[in-house]
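Biologist: I would like to learn how to read a model of this kind. Please take one feature at a time.

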Amino acid sequence: MKKVILSYIEKVPALSPTIAKIVQLTSNDMSSAVDLVQAIKLDPALTVKVLNLINSSYFGMPQEVTSINRAIILLGMNTIKNLALSAEVLSSFNPAKGALFNVDKFWQHSLACAISSKLIAQKIVKDPVKREEYFIAGLIHDIGKIFFIKHFPRDYLSMVKKIGPADSLNHKEKLVFSMDHAEVGALIAEKWALPPDLVASIRLHHEKNVKDETSFLPASVYISNLYCKTNGFGDDIGSSAVPMPDEQDWARLKLRKADEAAILTCLPEKVEEAKVFLQVRSR
């Protein structure tokens, strides 16, 4: 089964040439805003999607932003890169109508995790540029589930239906498919040449006991995933018995459980403001 899965991963479409170029440019310190503008303008549909996201209530711009040039000045190259990547992922990993699971609930969970992770980053990450990675990490942490549902729909959803409150989704996935969705998602992210920290946050988003020596990103996504599932933003894929983030979890970020409310109380409001991200899927 593992060989079959790896062969399917090999066939996962690469990022579009425009997105691949954007990721490459923003990873190169020598690249300029002009380079990024020229890359995005090669894809008019992507330009429209990015501008729609920028002009949503989530960003709260005082006036409408009508050009990518202006958007970069206001939000920075890394934010624009992550908006473009978000639009690409939401459009590419969008099961057709009639899917055997709740697609909207899945992406609402992913969006809530993205926002939660960025809210945490605003507390612990000094560099505003690096905070943007936390949003995209939360958004794509579960792409491995979409992969399983796309390639093994009946087998995967049959397995999900048999999961009891005390069962682990990851454990069941490994028993049935020899790999879990976290590992599959990380392999897809590697294929897309995404940054190592981003790949690690996908691979480790169910791992409680990880030494966070180089980045808070995995811990942030891990906590966001638990918090969202226990606060009304679950995806209904897996066990309903999910623990709340505890003191040990928050300590990974050098924070306390007592900080949780101050950081994440505004999550429902922020998710509502960011619903435009979910509209990208149908455009």
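Biologist: Among contacts in the protein between residues at least 6 apart in sequence, what percentage join residues at least 24 apart?

Modeller: First, note that this is a predicted model. For contacts between residues at least 6 apart in sequence, the share joining residues at least 24 apart is 68%.

Biologist: How many helices and how many strands does the protein have?

Modeller: There are 18 helices and zero strands. The radius of gyration is 18 Å, close to the 19 Å that the globule rule gives for 283 residues, so the protein is as compact as a globular protein of that length. Along the principal axes, the C-alpha atoms fill a box of roughly 50 × 45 × 35 Å.

Biologist: Now a single helix. Which residues of α12 are buried?

Modeller: The general idea is that an α-helix has 3.6 residues a turn, so residues three or four places apart point the same way. In α12, the buried residues are H181, A182, V184, G185, A186, I188 and A189. They pack against α1 (2–10), α9 (143–151), α11 and α13 (196–203).

Biologist: What is found at the two ends of that helix?

Modeller: At the start of α12, a side-chain oxygen of D180 comes to within 3.2 Å of the backbone nitrogen of A182. Just after α12, A193 has a positive phi of about 60°.

Biologist: How should I read a positive phi?

Modeller: Most residues other than glycine have a negative phi. S178 is not a glycine, yet its phi is positive, about 70°. D236 is not a glycine either, and its phi is about 65°.

Biologist: Where do S178 and D236 lie?

Modeller: S178 sits in the loop between α11 (169–177) and α12 (181–191). D236 belongs to the loop between α14 (217–229) and α15 (247–251).

Biologist: Why does S178 count as partly exposed, and why is D236 called exposed?

Modeller: Exposed means over 50% relative accessible area, and partly exposed lies between that and the buried cut-off of 20%. S178 counts as partly exposed because its relative accessibility is 36%. D236 is exposed because its relative accessible area is 55%.

Biologist: Take a residue of α11. Is N170 buried or exposed, and what does N170 touch?

Modeller: N170 is found in helix α11. N170 counts as buried because its relative accessibility is 12%. Not counting residues up to four places away in sequence, N170 touches D180, H181, A182 and H206. Two of these have come up already: the side chain of D180 reaches towards the backbone of A182 at the start of α12.

Biologist: And V271: where is V271 placed, and which residues are in contact with V271?

Modeller: V271 is in helix α17 (residues 267–273), and its relative accessible area of 1% makes V271 buried. Leaving aside neighbours within four places in sequence, V271 is in contact with L111, A112, I115 and F233. F233 is 38 residues from V271 along the chain, and their C-alpha atoms are separated by 9.7 Å.

Conventions
Residues numbered from 1 in each chain as written. Predicted model: local features only at pLDDT ≥ 70, side-chain atom pairs only at ≥ 80, totals over all residues. Heavy atoms only, no water. Helix = DSSP H or I, 4+ residues; strand = E, 2+ residues; numbered from the N terminus. Buried < 20%, exposed > 50% of the residue type's maximum accessible area, 1.4 Å probe, protein only. Rg over C-alpha atoms; globule rule 2.2 N^0.38 Å. Contact = heavy atoms within 4.5 Å. Polar contact = N/O pair within 3.5 Å; in protein donor to acceptor, adjacent residues only side chain to side chain.
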